[in-house]
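Q: I'd like a close look at just one part of this fold, namely how its pieces pack against each other. Walk me through it in one go, please.

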Amino acid sequence: MSIAPISLLDGIASTRAIRRYTDDPVNEDDLAAMLFAATRAPTGSNRQTFKFLVLRDGPVAVEAKAILGESFRAGWQSKRSTDQYDRTDDETSAKARMARTMQHFVDHFEQTPVVVLACVLRRHGGLADGGSIFPACQNLLLAARGLGYGGVLTGWHAMVEVELRALCRIPDTHDIAATIPIGVPQGHHGPVRRRPVRELVFDDVWDGAASWAVDPPGTRFTQAGPPTATGATDPNQYLGAASRKSSPLSTKSNDLGNPK
Ligand SMILES: Cc1cc2nc3c(=O)[nH]c(=O)nc-3n(C[C@H](O)[C@H](O)[C@H](O)COP(=O)(O)O)c2cc1C
């Protein structure tokens with residue numbers, strides 16, 4: 001695949017969650033480059049407590065994708081109703097478009113060319129362990145973007161973790177921190193939309209205005225954000241209740257789904 005080179009900063013600002021993939025395979029050299037990037041990430045004391053289990057098209061991978069597919073469909077079904085994705089009649093709204101993307105994502109999960117299970121040695125639990133795996137996940141996604149692929153960090157393995165561990169022989173010493181599907185995007189990457197920097201960056205003290213921290217001209221923003229009185233956002237929205245205590249994602253990951 002010939003891909004126009006992109007600067008590091010542009011890559012960071014335009015690596016979106018990609019959930020729809022073409023049938024094109026992920027080239028093995030590209031996959032190796034992505035995993036190389038992932039394993040270059042920092043970890044506490046450089047212990048490199050991460051392992052990446054790559055599911056491609058072997059017999060175990062096919063079975064694992066089928067197990068995950070069921071779980072992803074259940075996860076989305078639950079989120080769809082909890083977050084009231086069907087409340088609007090406007091088929092063109094951001095939420096309706098997001099719902100269609102999500103439905104396509106989970107309905108075609110088994111056809112995802114590559115699924116990476118990002119695992120981390122359980123040492124301290126919670127944020128401390130998460131800190132030694134999530135930078136690697138982002139490296140993986142950035143490398144994918146740089147090579148013309150796309151993916152998304154997800155936690156919808158939690159409901160089938162026991163089955164998945166047994167099938168893939170993942171030892172109890174390690175947590176599955178994230179499931180990351182990867183493929184050639186059907187759509188395309190583009191500028192990510194977040195809240196204005198001034199809402200997210202403080203100077204000196206909590207709530208201290210950082211007047212120097214400004215968004216570049218032309219930056220577009222998202223409405224997704226902290227819970228409101230009318231539409232509370234569960235920080236653990238992607239996880240089944242039973243899994244919220246144990247998964248690294250159950251720490252204060254204030255992911256907001258960011259429909260677009
Ligand atoms: C900790 C975390 C957990 C996530 N879990 C899921 C998930 O279970 N399912 C999913 O489809 N996306 C999941 N996402 C992807 C986010 O919804 C996505 O990154 C976010 O909405 C921003 O999307 P954008 O970069 O395209 O704007 C997760 C992301 C993070 C960082």
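**Packing up close**

A: In the protein chain, residues 24 or more positions apart make up 79% of the contacts with a separation of 6 or more; a contact here means two C-beta atoms, placed from the backbone, within 7 Å. Keep in mind that this is a predicted model, where local features need pLDDT of at least 70, side-chain atom pairs count only at pLDDT 80 or more, and totals for chains, interfaces and linings use all residues. Residue numbers start from 1 along each chain as its sequence is written.

For orientation, the chain has eight helices and four strands, counted from the N terminus as DSSP runs (H or I of at least four residues for helices, E of at least two for strands). The pattern along the sequence is α-α-β-α-α-β-α-α-β-α-β-α.

Now the helix pairs. Helix 2 (residues 28-39) packs on helix 6 (residues 134-146) with axes 7 Å apart and an angle of about 145 degrees. Axes are lines fitted to C-alpha atoms, for helices over the stretch in contact, with angles from 0 to 180 degrees between N-to-C directions. That crossing is right-handed: the near helix is turned clockwise from the far one by less than a right angle, anticlockwise being left-handed. Helix 2 brings Ala33, Met34, Ala37, Ala38 and Thr39, and they meet Ala136, Asn139, Leu140, Leu142, Ala143 and Ala144 of helix 6. By class that's nine nonpolar, two polar and no charged residues (Ala, Val, Leu, Ile, Met, Phe, Trp, Tyr, Cys and Pro are nonpolar; Asp, Glu, Lys and Arg charged; the others, Gly among them, polar).

Then there's helix 3 (residues 59-82) with helix 7 (residues 161-168): their axes come within 10 Å and cross at roughly 180 degrees. The two helices are therefore roughly antiparallel, the label for angles over 145 degrees. Val60, Glu63, Ala64 and Ile67 on helix 3 touch Glu163, Leu164, Leu167 and Cys168 on helix 7. This contact splits into six nonpolar, no polar and two charged residues.

As for the strands, four of them form an open sheet in the order 1-2-4-3, paired antiparallel; strands pair if DSSP finds at least two bridges between them. Strand 1 (50-55) and strand 3 (150-151) sit at the edges with a single partner strand each, so one side of each has no neighbour in the sheet. Strand 2 (residues 114-121) and strand 4 (residues 174-183) pair over eight bridges, and Leu121 has His174 in strand 4 as its bridge partner.

How values were computed. Parallel < 35°, antiparallel > 145°, perpendicular 65-115°, else oblique.
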